[in-house]
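Hi,

Here is the structure I promised to pass on. My notes on its aromatic rings follow below.

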Amino acid sequence: MPSSQHSVASPPPLSIFNLTMPVAMGYIPLGMVFGFLFVQAGASWFMAVLTSLVVYAGAAQYMMVPMVAAGMPVSTIALATLLVNLRHIFYGLSLLETFPRKFVLRWYTAFALTDETYSVLTTLPAGTPASRMTLLALLNQGWWVLGTLLGAVIGSQAKIPLDGLDFVLCSLFAVLTVEQWRARSSPLPLWTAIVSYAVAAAIAPKHALVLAITLSIAVGVIAYKKEKR
């Protein structure tokens with residue numbers, strides 16, 4: 001006799017394109033602002049796009065704008081970019097086991113591991129093919145490059161006000177934080193980040209981000225060892 005209970009089919013996983021939509025909503029306008037400002041600082045539209053292709057460092061690219069305008073040497077700009085993006089080393093280490101095995105795909109996925117891409121990748125279910133991770137990272141960079149191109153072209157043709165776009169990055173991180181909260185069974189990561197930054201801001205406001213990352217790593221190591229036991 002067949003069972004009266006019917007198993008409920010789990011919903012199909014979201015496509016990579018759908019997963020990148022929240023990132024696209026932030027990256028396209030933010031990339032446009034960068035492209036616009038970079039061109040206004042005296043660089044060509046081609047250099048703006050090339051920077052988003054080769055550097056692809058988000059906040060560090062914004063930091064480059066006044067440095068380019070001031071005529072600082074490339075070595076100084078490169079060193080500053082490295083220091084700002086040191087946190088990406090920890091991102092890569094935490095996902096190293098899930099990265100693609102092929103050299104080119106592995107190298108590119110590590111290169112394209114921005115804050116937002118990392119946030120989306122950590123919500124993917126276990127067993128997600130490594131190729132999907134690379135495609136997701138590629139699409140996210142594509143949104144940034146597209147925004148940069150649009151902003152650079154506009155910036156080379158006209159001057160427009162950019163007021164009102166400063167909320168986009170905060171909104172993007174708010175959406176990603178909610179998704180992280182929903183994907184995790186434990187609230188420890190979120191509360192660790194909040195408390196760590198609050199403590200860091202009270203102790204050393206000028207170095208709050210670096211200190212908060214250090215405290216979060218320490219808590220993560222302790223929690224991991226405790227779970228292993």
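Ring pairs join Tyr-27, Phe-34, Phe-38 and Trp-144 into a cluster. Rings of Phe, Tyr and Trp (its six-membered ring) pair if their centres lie within 6.5 Å; planes under 30 degrees apart are stacked, over 60 edge-to-face, the rest tilted.

Before the details, two caveats. This is a predicted model, where local features need pLDDT of at least 70, side-chain atom pairs count only at pLDDT 80 or more, and totals for chains, interfaces and linings use all residues. Residues are numbered from 1 along each chain as its sequence is written, and side-chain values use heavy atoms, with hydrogens and water left out.

The whole structure was searched, giving eight aromatic pairs. In one of them, the centres of Phe-17 and Trp-143 are 6.0 Å apart and the planes at 65 degrees, so this pair is edge-to-face. Phe-17 sits in helix α1 (residues 16–40) and Trp-143 in helix α8 (residues 130–157), 126 residues apart. Helices here are DSSP runs (H or I, at least four residues), numbered from the N terminus. Phe-17 is partly exposed at 45% relative accessible area. Trp-143 is buried at 14%. The cut-offs: buried is under 20%, exposed over 50%, partly exposed in between (1.4 Å probe, protein chains only).

Tyr-27 and Trp-144 also form an edge-to-face pair, with 5.4 Å between centres and 75 degrees between planes. Tyr-27 is in helix α1, Trp-144 in helix α8, 117 residues apart. Tyr-27 is buried, at 4% relative accessibility. Trp-144 is buried too, at 3%.

Best wishes

Technical notes:
Helix = DSSP H or I, 4+ residues; strand = E, 2+ residues; numbered from the N terminus.
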